[in-house]
Amino acid sequence: MSKEVRVRFAPSPTGPLHIGGVRTALYNYLFARQNNGKFILRIEDTDQQRFVPGAEEYIIESLTWCGIKFDEGVHVGGPFGPYKQSERKTIYKQYADFLIEKGAAYYAFDSAEELDQIRKQYEAEKKVFQYDLHTRTSLKNSLTLSESECNDWINSGKPYVIRFKMPENRQLTLNDLIRGEVQVNTSTLDDKVLFKSDGLPTYHLANIVDDHLMEISHVIRGEEWLPSLPLHYLLYEALEWTDSMPLFAHLPLLLKPDGKGKLSKRDGDRLGFPVFPCNWNNPDGELYPGFREWGYLPEAFINMLALLGWNSGTEQEIFSMDELIQRFSIEKINKSGARFDPEKAKWFNQQYLKKIPTKELVKINKPYLIEKNIHVSDEVLETVTELMKERAVFPKDIINESMFFFQKPDTYDEVAIKKRIKPTSLAHFEKICSIIEHISVFEHQTIENAINEFCQTNQIGLGEVMIPLRIALVGTTKGPHLGEIMEVLGKQESLDRMEAFAEYMKHFAF
């Protein structure tokens, strides 16, 4: 590429960061790293009415957890700062004034109430109102009022806005790196507000000015901004910056699990999965769950997100961040929306969980046991972790699914007993208890050999012995190999549990 790659992620601090926003940040990060470029975090907080305290900090915390690092930004500084639009507000007015002087923008004095009344009149006639070339000549603005009237209004301190003057009947052919050519006629577009009555620019003006001044080379953003591309192109043109205009790429939407519509918080609430990277506590006290707190590993989360909309062109699914940087390309981003699959997300986490060293998992999980007032040695916890980690999706699963190692079952699965244990099996159960009691070397292979030998000698199926034994030890029919369970429990604990189950079964009604 002829010039340095400089890309930015520019969220608004209006609430928690959706995973669609994280994916946008990730794709920008991968593109920057692959091209030895710079990645910038810019906070676009010009909409003060929607500002939410703590949202900016949440954005930084979430992206840090994901392993997405910035070269410049609100939290790291840099040569193009400040990187928060509210701290740059003195910059924008000169560019709005330039557009006014050039005739590419105009003052508009219509009040919100007046425009609402006009909209209602249009609705009554089953029409849709927009402030554009068809309506602006009949509204209160500097195109219809005299220069002295406009000056009097502005000098009086009354509120006004500055709108872009959309050209009439220009056929624009724009290029998007993902979608190819995009064509639109300017006569269908409205005259967007560029500068608001509160003295701050709108997203459209601030975005263009900041991208230009920060020398942004590529704008990689969500599909929802595609309709704004014609306006942004025309703003670059009107500001005489076409030679430095960035290239644009609009990412596909993240879709609901059924593929019907954009993924939202409601989908997560309804179907039971997070849609935010980390827990977010809303100012009104509502908690929005995050992937981090659910037990997702950041590497798994990033791997999963990377493949929602991008494909390497191979069968490979597990990628480290370095591999993603090497393989990523805008050309391989899909045009169509990417369906979020919560089960696939769990699968990714499971693959990464298997790679974590057992000792590291013990460190992660030991506090959960202490919370439950269970105290065991690291050696025992390592053994249990080794037995259970292959079945786990989240680190906590290892503890939740292995509580039988640390606590005697206080209930037994009666459905399984009725379905899988015959009254005649109890006689075999008593005999196997006696055999186990006399095993001298109490390790899993010896235990399993003794059980197998008993079944062969008595010509009975393994299940007839294994099922009651498993229920006696665990309380259910789940868990690793019986010999492994008993070795961890030890002989006396295993026998105590068998005795308790035998007593329970004396009063069980089949």
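The legends below describe an overview and several close-up views of one predicted protein model.

In this predicted model, local features need pLDDT of at least 70 and side-chain atom pairs count only at pLDDT 80 or more, whereas totals for chains, interfaces and linings use all residues. Residues are numbered from 1 along each chain as its sequence is written, and side-chain values use heavy atoms, with hydrogens and water left out.

**Figure 1. Overview of the protein chain, with 21 helices and 14 strands.** Helices (H or I, at least four residues) and strands (E, at least two) are DSSP runs, numbered from the N terminus. The radius of gyration of the protein chain is 32 Å, well over the 24 Å that the globule rule gives for 510 residues, so the chain is more spread out than a compact globule; this radius is taken over C-alpha atoms, and the rule is 2.2 Å times the number of residues to the power 0.38. Taken along the principal axes, the box filled by the C-alpha atoms is roughly 105 × 55 × 40 Å. Of the 510 residues, 51% count as buried, a term that means under 20% relative accessible area, with exposed meaning over 50% and partly exposed in between (1.4 Å probe, protein chains only).

**Figure 2. The aromatic pair of Y236 and W241.** The structure holds 31 aromatic pairs, in which rings of Phe, Tyr and Trp (its six-membered ring) have their centres within 6.5 Å, with planes under 30 degrees apart counted as stacked, over 60 as edge-to-face and the rest as tilted. The ring centres of Y236 and W241 lie 6.4 Å apart and their planes stand at 65°, so this pair is edge-to-face. Y236 is buried, at a relative accessible area of 1%, and W241 also counts as buried, at 11% relative accessibility.

**Figure 3. The tilted aromatic pair of Y504 and F508.** Here the rings are 6.0 Å apart from centre to centre, with 45° between the planes. Y504 is partly exposed, with a relative accessible area of 26%, whereas F508, at 13% relative accessibility, counts as buried.

**Figure 4. One aromatic cluster.** The cluster is formed by W65, F273, F291, W294, Y296, F301, F340 and F394.

**Figure 5. Charged ends over the rings of Y131 and Y368.** A charge sits over a ring if NZ of Lys or CZ of Arg is within 6 Å of the ring centre and within 35 degrees of the ring normal. The charged end of R163 is placed in this way over Y131, 3.9 Å from the centre of the ring, and that of K396 lies over the ring of Y368, 4.7 Å from its centre.
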